[in-house]
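User: I am new to reading structures. Could you take me through some features, giving the general idea and then the case here?

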Amino acid sequence: MRQVMTGNYASAYGAKLSRAEVIAAYPITPQTSIVEKLAEFVTSGELNAKYIPVESEHSAMAACIAAETAGARTYTATSSHGLTLMHEVLMWASGARLPIVMTNVSRAMAPPWSVWVDHMDSVAQRDTGWLQFFCQSNQEVLDTIIMAYKVCESRKVMLPAMIIEDAFILSHTSEPVDVPDQHVVDSFLPPYAPELKIEVGKARGFGSLVKPDQYMEFRYKDMLAMREARDRLLAVEKEFKNVFGRSHGGLLEQYMCDDADVVLVTAGSVAATAKDVVDALRAKGSRVGLARIRAFRPFPHEELRALGSKVEGMAVLDRSFTFGAAGAMFSEAKASLYSCQKRPVMKNYIAGLGGRDITPKILGKIFEDIAVMARRGVEEEVEWVDVAGLPRRWR
Amino acid sequence: MTKSHEELPLTPISDTPSTVNITGLWRVVRPVVDKEKCKKCTICWKFCPDAAIKLVDGIPVIDLDYCKGCGICAFECPSKCIIMVKEGEQ
């Protein structure tokens, strides 16, 4: 049934439809309405789950880890400082091979204090062993939670996943969302049945000490699992499309890229604005395209290499930055393309930090700039966009 | 013998409790109790961080399988009835 709802309610409905059995959560702006809605579902009896209010995000994740180890499907949600407080236990969740699904409402890190969107929090958790999905719409948020459980709980993957919603732009903005029927979701997503779990009467130690002679073999298995997650996601998305009639583009969603001379690569809600800009520029005869990094982990190496081999210029817009280096998405895209025979000119644009609007006008100028760079070569590899005091005018 | 990654479970899981690890082998000094001086206050038993002290009629008996020789019992004992001696001596 189609309903109008915020990204946060889409997250709550996604967890409910996936029949999360244990929810442990701590509120934080702008995530709070996700766990409030889930608390309502549990209280009213609409969702049969154990709801654990905890004293911190570190504890929320620890409780999910414990419940998941006991064989329960778990869900939690957080944002920015809450996510970074979880850092230690995020690593535990992946190393213990627990397919926990969590929404992170991506919000800038402080100081300067901010509650608005950027991707610093999520990107900083890149190496914790979680699958990371950046969403563009509220529908995608709901759908990706259901898909993530199916991908992550498959025997060869068994890794956790983070569903990333842009603060306020998705979390607090209402959009039409198709909420699928429970029985259809049930037919798509079977109950969680892990091979290994804590069992009463069977004493076992989980997370045991492993000496140097055996540690690397476990990490090699983790690497294989993330590689497997790539293929599983593509298969699950195909199946999702057959059942629900929609999909969201696999690891790298491509819009008008087939005959494009230059493309913009980015992640999150700004991709929706960029698609409108692509339409407007196409109407004037420019062959431009948009590629959206939907899965940051596993990274869409193959898709980017195929795309990079056929375009002249590639702009990568990071809604985050990395201290002492270029934006993370740019660095990874560039590394992916390095060994291609034919490579485009690449340039990194750092924009939209702390909730700064990335307007159609700014995106239009990025397309213009990368087209010029594609002909002339790049003068400045990383450019900060729309910063007061810098010579280039973006507005 | 190192196992291949294919032989290993998803994540390290042991079928035996951690009590199989006899941590007492790490010890270089050992607590020795003078039962005559002991006042049965049980402070040593409360402070032992490894739960390696058992009480028999209120008097501490050190479990040398797990005692790492940290010396907290000797330090805390108000009647100074526990002394630490080097392993191999006495």
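User: Which residues of α2(A) are buried?

Analyst: A residue is buried if 20 or more other C-beta atoms lie within 10 Å of its own, exposed if 12 or fewer, and partly exposed in between, with C-beta atoms placed from the backbone. In α2(A), the buried residues are A:S33, A:I34, A:V35, A:K37, A:L38 and A:F41. Helices (H or I, at least four residues) and strands (E, at least two) are DSSP runs, numbered from the N terminus. The cover over the buried residues of α2(A) includes α1 (7-17), β2, β3, β4 and β5 (101-106) of chain A. Contact, a word used below, means that the C-beta atoms of two residues, placed from the backbone, lie within 7 Å.

User: What kind of model is this, and how are its parts numbered?

Analyst: This is a predicted model, in which local features need pLDDT of at least 70, side-chain atom pairs count only at pLDDT 80 or more, and totals for chains, interfaces and linings use all residues. Residues are numbered from 1 along each chain as its sequence is written, while chains are lettered from A and ligands numbered from 1 in the order in which they are written.

User: How do I check the length of a helix, for instance α2(A)?

Analyst: The expected span is 1.5 Å times one less than the number of residues. Helix α2 (residues 32-44) of chain A has 13 residues and should span 18 Å, and its end C-alpha atoms are 18 Å apart, which agrees. Helix α3 (residues 57-69) of chain A also has 13 residues, and its first and last C-alpha atoms are 18 Å apart, close to the 18 Å expected. Among the buried residues of α3(A) are A:M61, A:C64 and A:I65.

User: Which residues other than glycine have a positive phi?

Analyst: One of them is A:R97, at about 60°, in the loop between α5 and β5 of chain A. A:R97 is buried because 24 other C-beta atoms lie within 10 Å. Another is B:K40, with phi near 60°. B:K40 has 12 C-beta neighbours inside 10 Å, so it counts as exposed.

User: Where are the cis peptide bonds of A:P111 and A:P112?

Analyst: One cis bond joins A:A110 and A:P111, with omega about -10°. Another runs from A:P111 to A:P112, with omega near 0°. A:P111 is in the loop between β5 and α6 of chain A, and A:P112 is in the loop between β5 and α6 of chain A.

User: How is β6(A) paired, and are its faces covered or open?

Analyst: Two strands pair if DSSP finds at least two bridges between them. β6(A) pairs with strand β7 (residues 161-166) of chain A in the parallel sense, over four bridges. A:F134 is opposite A:I164 in β7(A). Both faces of β6(A) are covered, with A:L131 and A:F133 buried on one side and A:Q132 and A:F134 buried on the other.

User: How is chain A divided into domains?

Analyst: Domain bounds come from an automatic or database domain assignment. For chain A the assignment gives domain 1 (2-244) and domain 2 (252-384). Their C-alpha centres lie 28 Å apart. In the contact between them, 25 residues of domain 1 meet 19 residues of domain 2. α9(A) gives the most to the domain 1 side, with five residues.

User: How many residues of each chain take part in the contact between A and B?

Analyst: Chain B gives 14 residues and chain A gives 18 residues. Two bridges join β9(A) to strand β1 (residues 13-14) of chain B, and these strands run antiparallel. There, A:F206 has B:I13 as its bridge partner.
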